[in-house]
Amino acid sequence: MNKHILLFLSLVVSGSLLAQTKGFISFEENGLYGFKDKKGNVMIKPEYQQAMEFTKSGVAFVVLKNKWVCINHKNNVLLESFLYDNGPDYLSERLARFVENGKMGFHNERCQKVIKATYDFVYPFENGYAIVCNGCELKPEGEHKRIVGGLYGLINRKGKLVVPVVSDAILSVDAKKKTAEVKEGGKTGKVNWK
């Protein structure tokens, strides 16, 4: 019985600590955004061009120097998010894309980098796999951009290459059969992995 009470109390205490972390509310002052606690105390001074609220994971996305970045409650910049649809990239299968030194990788909901930024472009995860490319470029096309050129491969959620970055395109992926339809030198074929 005592173990249950102790467990309950530790959950209440840790839950209240998390609530304090997540309890910051954005505010605007002179065209810049910062964060206050629930009592109205300024916790992060207004220095951002835009701000989203803190998530349950204790992070917030803000615009700093025209880039979406992820910060924690101590106002530490954790990473630069990939810009998607005028905002930070969305989570797909609990991972989102980030940019570092001109390369892309993946982070989790706490903005922890889980797959290093080693590719020129990465697509969101789908059914446990993500298409990656090197040598490709984002070319403006109206108000959007498209991927041009490069060689493509496929990674799993651990960041391991299951299909090497050697194909002109990956046309489809069958996660259940662990096969991908690829295009190389104008010809299509299938690649299997374990």
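**Figure 1. Cys70 and Cys111 are both buried in this predicted model.** A disulfide joins the two residues, with an S to S distance of 2.0 Å. The torsion about their S-S bond is about 95°, so the disulfide is right-handed. Distant parts of the chain are linked by this pair, whose members lie 41 residues apart. Cys70 belongs to strand E6 (residues 67-72), whereas Cys111 sits in the loop between strand E11 (103-107) and strand E12 (113-119).

**Figure 2. A disulfide is formed by Cys133 and Cys136.** The sulfur atoms of Cys133 and Cys136 are 1.8 Å apart. An angle of 65° about the S-S bond makes this link right-handed. Both Cys133 and Cys136 are buried. The structure holds two disulfides, and when the bonded cysteines are numbered in sequence order, the pairing reads 1-2, 3-4.

**Figure 3. Several strands contribute to the lining of the largest pocket.** At least two lining residues come from each of E6, strand E7 (77-81), strand E8 (83-84), strand E10 (96-100), strand E15 (137-141) and strand E16 (144-148). Strand E16 provides the largest share, with four residues. Strand E6, one of these contributors, is also the strand that contains Cys70.

Methods
Residues numbered from 1 in each chain as written. Predicted model: local features only at pLDDT ≥ 70, side-chain atom pairs only at ≥ 80, totals over all residues. Heavy atoms only, no water. Disulfide = S-S within 2.5 Å. Buried < 20%, exposed > 50% of the residue type's maximum accessible area, 1.4 Å probe, protein only.
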